[in-house]
Amino acid sequence: MKYLVFSLLTLFLSSCVDPATDKDVFNQPVVKKKDKGEVSFEERMRREVEAKLSIPATEKYKFEIKKGYLNADEKEDAVITVNRLELAKYEAEKEKGGNRKELGYMGNYNFFFYYDGKIDKLSIPMPIGSSAKSPLKVSFENVQSEVYQDLIIEYRIRNSAFRNYYVIENGSLALVFQWKLFDMAGTDQYEANYIEYAQGSRSLAKDIIIYKGKIKNYSPKIPDVYQYNPEIEKDGPQLYRFFYDPASMKYMTQKQ
């Protein structure tokens with residue numbers, strides 16, 4: 001029986017970076033151990049992020065920490081997101097004949113970091129190619145296991161939104177699935193997808209089911225598409241059902 005890896009169905013995401021392919025995503029923290037007790041966790045993470053991204057003291061940027069349990073070691077982990085919109089605007093102004101502004105300052109200006117609570121280290125910066133006018137949106141979901149959570153990151157590319165699913169296991173960070181939530185927002189011909197989970201058909205990990213979706217109370221008159229957060233409901237038959245393949249650490253679906 002033939003199967004199709006999810007990435008073959010999402011080639012349109014080629015502009016989005018998958019930085020989580022190297023198992024060694026950690027390096028030595030900037031702040032030495034003897035200094036850790038002198039600063040808060042947030043301040044320590046901010047210092048390390050600024051050092052890893054070479055952010056000057058004069059730059060304004062958005063910084064957010066979200067904590068959760070992302071593996072089975074029972075130690076609280078964290079995901080830090082950084083949005084460098086100010087840098088994106090500055091670089092766009094220097095670019096002659098470019099259209100970055102019209103694309104919501106598209107580029108590598110949204111980053112995330114994974115903090116492993118057990119080893120007390122922050123990962124290397126991991127960019128997601130997206131519109132800088134929309135910071136990354138982080139959430140956690142029990143997809144692989146009821147014991148720990150998967151990392152889910154949503155991002156924007158102009159008037160469309162995408163969702164990435166990451167698994168963290170034994171220090172390895174892997175992108176296992178990605179899908180488009182909506183597209184063409186602000187037009188009469190928008191597209192939306194509704195995502196649902198079901199009991200795993202090939203492993204203990206839950207299956208991911210994609211349905212045709214509909215945006216509630218939709219109007220094409222959207223003041224700011226980059227800050228638009230529509231509520232999507234199921235509005236049609238099942239389009240795809242993906243199952244998790246532990247060997248490849250990817251979600252797959254049966255080829256039609």
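Tyr165, Phe177, Trp179, Tyr197, Tyr240, Phe242, Tyr244 and Tyr251 come together as one aromatic cluster. The model is a predicted one, so to speak of local features takes a pLDDT of at least 70 and side-chain atom pairs count only at pLDDT 80 or more, while totals for chains, interfaces and linings use all residues. Numbering runs from 1 along each chain as its sequence is written, and side-chain values use heavy atoms, with hydrogens and water left out.

Rings of Phe, Tyr and Trp (its six-membered ring) pair up if their centres lie within 6.5 Å; planes under 30 degrees apart are stacked, over 60 edge-to-face, and the rest tilted. That rule gives 15 aromatic pairs. One of them, tyrosine 155 with phenylalanine 162, is stacked, at 5.7 Å centre to centre and 25 degrees between the planes. Both of these residues are buried, meaning under 20% relative accessible area, with exposed being over 50% and partly exposed in between (1.4 Å probe, protein chains only). Phenylalanine 182 and tyrosine 228 make an edge-to-face pair, because their ring centres sit 6.1 Å apart with the planes at 75 degrees. Phenylalanine 182 is in strand S12 (residues 172-183) and tyrosine 228 in the loop between strand S14 (207-215) and strand S15 (232-245), so this pair ties together parts 46 residues apart in sequence. Strands (E, at least two residues) and helices (H or I, at least four) are DSSP runs numbered from the N terminus. Phenylalanine 182 and tyrosine 228 are both buried.

Charges turn up over rings too, counted if NZ of Lys or CZ of Arg is within 6 Å of the ring centre and within 35 degrees of the ring normal. Arginine 46 covers the face of phenylalanine 63 at 4.3 Å from the ring centre, and lysine 234 does likewise for tyrosine 211 at 4.2 Å.

Salt bridges (a side-chain nitrogen of Lys or Arg within 4 Å of a carboxyl oxygen of Asp or Glu) number 17 in the structure. Arginine 44 bridges to glutamate 48, with 3.1 Å between the closest N and O atoms. Both lie in helix H1 (residues 41-53), four residues apart, or about one turn of the helix. Arginine 44 is buried at 5% relative accessible area, and glutamate 48 is buried at 0%.

Elsewhere, Lys214, Lys216, Glu231 and Glu233 are linked in a salt-bridge network. Within it, lysine 214 meets glutamate 233 at 3.4 Å, N to O. Lysine 214 belongs to strand S14 and glutamate 233 to strand S15, so the contact ties together parts 19 residues apart in sequence.
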